[in-house]
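Colleague: Could you take me through one part of this model up close? I'd like to hear about a helix pair and what surrounds it.

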Amino acid sequence: MREYSRLAEELKGEQIRQGNRIREQLLRYYPQALELTSELHATWFLELWALAPTPKKAKRLRRSSVERVLRANRIRRWEPDQIRTILRQPALIVAAGTTEAAVAHLRSLAERLLVVNRQYKECLKQIDALVAKLDAKTAAGEDREPGQDGEQSDVAILNSLPGIGRINLATLLASAHRPLSERNYHTLRLMTGVAPVTRQSGRRRAVIMRRACNKSLRNAVFHWARVAAQRDSNCKARYAALRAKGKSH
């Protein structure tokens, strides 16, 4: 589980990097395509771009072709006619050879991204399977400490918390299994870097970020808190109250 969570993090970073490169190329000759999504690494966007890689080809793009891509990838926020209207906006006037060069570069990026997307999807399936297996094992009492009969499993408890996500869940279960099973809150805070470091000497006192921690766990709890502050009303109110007191993000 630890290895798959690290692999998922690595593949996600690769998606972001390649997506940024796609944005740079589209800005050269096809900026209207950027209006469709901010996730330029998405498979549906790559398939749509393959159908209309240039503004000239977008004018001949069929509604049925766009509809087929949207249906295959379960995209409901766009209608085929809306996409065709966006892609058919007036094209940029560029120097000779610019479009051809950008398209050649984008084809290479798209091929690599499709492989990364497939591997990322398979990685998430493996994580879900391992989490389900661990949950079933705990429910059967195979991995339960003495005196824990009747308690909920760590998987069930963590899954009930807002903003956790499957990758953050896998990271916590794999890299912080012992403090979670022992309910050792203070050790968990140290491992995730949440507990600050206080340096005090005489009249001087400084509170700084803890650097000596598990980086994977630190990233996991950061994104966990970030999503919770966006999606959960209680966390959002708590975050707003802290910002109102002058706390930084």
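**Where α1 meets α2**

Modeller: Let's start with the packing: α1 and α2 sit at an angle of about 35 degrees, their axes 14 Å apart. Axes here are lines fitted to C-alpha atoms, for helices over the stretch in contact, with angles running from 0 to 180 degrees between N-to-C directions. Helices (H or I, at least four residues) are DSSP runs, numbered from the N terminus. Bear in mind that this is a predicted model: local features need pLDDT of at least 70, side-chain atom pairs count only at pLDDT 80 or more, and totals for chains, interfaces and linings use all residues. Residues are numbered from 1 along each chain as its sequence is written, and side-chain values use heavy atoms, with hydrogens and water left out.

The crossing of α1 and α2 is left-handed, that is, the near helix is turned anticlockwise from the far one by less than a right angle. On the α1 side, Ile22, Leu26 and Tyr29 make the contact, and on the α2 side Phe45, Leu46 and Trp49 do; contact means heavy atoms within 4.5 Å. Sorted by class, that's six nonpolar residues, no polar and no charged ones. Nonpolar here takes in Ala, Val, Leu, Ile, Met, Phe, Trp, Tyr, Cys and Pro; Asp, Glu, Lys and Arg are charged, and the others, Gly among them, are polar.

Now α2 itself. Its buried residues are Trp44, Phe45, Leu46, Leu48 and Trp49, buried being under 20% relative accessible area (1.4 Å probe, protein chains only). Among the things covering them are α1, α4, α5 and α6.

One last stop is His41, in the loop between α1 and α2. His41 counts as buried because its relative accessibility is 11%. Again not counting residues up to four places away in sequence, His41 touches Lys12, Gln15, Leu46, Leu113 and Asn117.

Key:
Helices (H or I, at least four residues) and strands (E, at least two) are DSSP runs, numbered from the N terminus. Buried means under 20% relative accessible area, exposed over 50%, partly exposed in between (1.4 Å probe, protein chains only).
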